[in-house]
Amino acid sequence: METEGRADESSSSQRDPPQNTGSYEDSQPAEKSVPIEEPIVVDRKAIEKLTEGLLSHYLPDLYSSKQALLELNQNQVILLDTLDQEVTKFRECNSLLDLNSLFTEAKFYHGKLVNIRKDMIMLHEKTTKLKKRALKLQQQRQKEVMEKEQQREKELERERQLIAKPAQRT
């Protein structure tokens, strides 16, 4: 009982602010006014009851705090997963934009290839016509050269025939 009384006195002295009575001891600093007390002996039952009371007072709040922290942790995990999904969606959107630009670029270069193909076909046709014309011109020149050769041979033959032949003596 004596220990309980002291515990009550110490708890009440902690709650109530010190009152200034004007004595010399109260005006001294706190270090000098606190007398050195000898150790208090408390029986085990009192310690157990105090411990149980303290635990019963704080444990429900601690358990509810623990539950709130667990719930908060779960919500954070869910939030992180959601944010990760959103980031993935944004990356997909960016990749779709990249794909769109690639398709646009591919369409542009496809048009260029089509134009180059048309130009190549046109150049092939022109070269084919030029080859045919060159062949015709070559054939015509050969024909002219042949005709000139034949003409010259005819003239040479005619000159030979015009040249007087000595008569044969028989």
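These legends accompany close-up views of one predicted protein model.

**Basis of the views.** In this predicted model, local features need pLDDT of at least 70 and side-chain atom pairs count only at pLDDT 80 or more, while totals for chains, interfaces and linings use all residues. Numbering starts from 1 along each chain as its sequence is written, and side-chain values use heavy atoms, with hydrogens and water left out.

**View 1. The protein chain holds 4 helices and 0 strands.** Its elements run α-α-α-α from the N terminus. Helices (H or I, at least four residues) and strands (E, at least two) are DSSP runs, numbered from the N terminus. Of 170 residues, 1% count as buried. Buried means under 20% relative accessible area, exposed over 50%, partly exposed in between (1.4 Å probe, protein chains only). The chain exposes about 17500 Å² (Shrake-Rupley method, 1.4 Å probe). Carbon and sulfur atoms supply 57% of that area.

**View 2. Leu96, Leu99, Leu102 and Phe103 form a nonpolar surface patch.** Together they have about 420 Å² of accessible area. Nonpolar side chains (Val, Leu, Ile, Met, Phe, Trp, Tyr) are joined within 5 Å, like charges within 9 Å. Leu96 lies in helix α4 (residues 44-162). Leu96 is partly exposed, at 49% relative accessibility.

**View 3. Phe108 and Tyr109 form an edge-to-face aromatic pair.** A search of the whole structure finds 1 aromatic pair. The ring centres of Phe108 and Tyr109 are 5.2 Å apart, with 70° between the planes. Rings of Phe, Tyr and Trp (its six-membered ring) pair if their centres lie within 6.5 Å; planes under 30 degrees apart count as stacked, over 60 as edge-to-face and the rest as tilted. Phe108 is partly exposed, with a relative accessible area of 49%. Tyr109 is partly exposed at 42%.

Technical notes:
Patches are made of residues with over 30% relative accessible area and no salt bridge: like charges are joined within 9 Å, nonpolar side chains (Val, Leu, Ile, Met, Phe, Trp, Tyr) within 5 Å. A salt bridge is a side-chain nitrogen of Lys or Arg within 4 Å of a carboxyl oxygen of Asp or Glu.
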